[in-house]
Amino acid sequence: MHKWLSVVGIGEDGLSGLGPIASTLLSRSQIVVGGARHLAMLPTDDTREKWVWASPLQATVDDILRRRGDSLCAC
């Protein structure tokens, strides 16, 4: 099965604190899911689809599952 979902933890040091594997997973994803604070760390010219975690979280989880197969990174 094709690996389509990655989970990357972004710490207080932001994107610069990501290791090479995490950076690659994030940069290769078509969709990025995260908190507003994390999504704001992405470059302003980043045109990928971005989703802010909803409340309740289950709504976003359902959206993620509907996009199974697309390259998605959750932060």
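Mentor: We will go through the salt bridges of this predicted model.

Trainee: What is the general idea behind such a pair?

Mentor: Side chains of opposite charge can pair when their charged atoms come close. In this structure, a search of the whole model finds five salt bridges.

Trainee: Which residue does R67 meet in a salt bridge at 3.2 Å, N to O?

Mentor: The partner is E49. R67 sits in the loop between α3 (57-66) and β4 (72-74), while E49 belongs to strand β3 (residues 49-52), so this contact ties together parts that are 18 residues apart in sequence.

Trainee: With which other residue does R67 form a salt bridge?

Mentor: R67 also pairs with D70, where the closest N and O atoms are 2.6 Å apart. D70 counts as partly exposed, at 25% relative accessibility.

Trainee: Where do D63 and R66 lie?

Mentor: Both are in helix α3, three residues apart, which is about one turn of the helix. D63 is partly exposed, with 31% relative accessibility, whereas R66 is exposed, with a relative accessible area of 60%.

Trainee: Which residues are linked in a network of salt bridges?

Mentor: That network links D46, R48 and K50.

Technical notes: Residues are numbered from 1 along each chain as its sequence is written. This is a predicted model: local features need pLDDT of at least 70, side-chain atom pairs count only at pLDDT 80 or more; totals for chains, interfaces and linings use all residues. Side-chain values use heavy atoms; hydrogens and water are left out. A salt bridge is a side-chain nitrogen of Lys or Arg within 4 Å of a carboxyl oxygen of Asp or Glu. Helices (H or I, at least four residues) and strands (E, at least two) are DSSP runs, numbered from the N terminus. Buried means under 20% relative accessible area, exposed over 50%, partly exposed in between (1.4 Å probe, protein chains only).
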